[in-house]
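Biologist: I'm new to this one. Could you walk me through it and tell me how you know what you say?

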Amino acid sequence: MTLPSELRDLPIYGHLEAICDALRSSPSRFLVLTAETAAGKSTALPLALLEQFSGGIYMLEPRRLAVLNIAGRVASLLGEPLGQTAGYQMHLEKRLSPQTRFTVLTEAILTRKLQSDPLLDGISVVVIDEFHERSIHADLALAFLKEAMQLRDDLYVVVMSATIQTERLCAYLDCPCYAVPGRQFEVQIR
């Protein structure tokens, strides 16, 4: 993968290709991804997905501030202004263009998109971030996505979190879990 060099220090960096392969080879086309906070899940993974999948990518975030920060960071890593390849959409505000392939959305926006276009035409991957926070919109999105995936064989979903309990979720989605190990730093007590 040809990703920006500033991502090399992130714990997820060496796993990005394997994560994309695990997603592609998942029988259910779902993947649960766990990694510690600040491992690069929300910023490095979208860049890998943009390289590995040809369609659009939606990332669901529970809060407006996260939407703005992630979209801005990914656009910055691409060396582009916000709204070109990477953009965002939330209630009463969006930065998108016809070239936008990666869109960060608030939960209610994804629910509305799924209601108006249940198959999410043109979208290859949906990433549900911070799933441990659980909300009616995230759960509803997951249910709608399961239905859409029965009708489309080219739609993939990544459910990710730093603190999620994976066993029940993986059983419900009939999917593998990819766990990125964290880093350890030596601590000295004086």
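This is a predicted model: local features need pLDDT of at least 70, side-chain atom pairs count only at pLDDT 80 or more; totals for chains, interfaces and linings use all residues.

Biologist: What makes β4 and β8 edge strands?

Modeller: The sheet is open, with eight strands ordered β4-β3-β5-β2-β6-β7-β1-β8 and mixed pairing. Both β4 (93-95) and β8 (177-179) pair on one side only, and that makes them the edges. On average, neighbouring strands are turned by 20 degrees against each other, direction ignored.

Biologist: Which strands does helix α5 touch?

Modeller: Helix α5 (residues 136-151) packs on the sheet, touching β1, β2 (56-61), β6 (123-128) and β7. Its direction makes about 155 degrees with that of β7. Helix α6 (residues 166-173) packs on the sheet too, touching β1, β7 and β8, and its direction makes about 165 degrees with that of β1.

Biologist: Why is Leu33 called part of a nonpolar core?

Modeller: Core members are buried nonpolar residues joined through side-chain atoms within 4.5 Å. Leu33 is in the largest such set, of 40 residues, so it is a core member. Leu33, Leu49, Phe102 and Val125 touch the most other members. Helix α3 (residues 64-78) gives the largest share, seven residues.

Biologist: What does Leu49 touch?

Modeller: Leaving out residues up to four places away in sequence, Leu49 touches Cys20, Leu23, Ile57, Val125 and Val127. Another core, of 27 residues, lies apart from the largest one, with Phe131, Ala141, Leu142 and Ile164 among its members.

Key
Residues are numbered from 1 along each chain as its sequence is written. Side-chain values use heavy atoms; hydrogens and water are left out. Two strands pair if DSSP finds at least two bridges between them. Helices (H or I, at least four residues) and strands (E, at least two) are DSSP runs, numbered from the N terminus. Axes are lines fitted to C-alpha atoms, for helices over the stretch in contact, and angles run from 0 to 180 degrees between N-to-C directions. Contact means heavy atoms within 4.5 Å. Buried means under 20% relative accessible area, exposed over 50%, partly exposed in between (1.4 Å probe, protein chains only).
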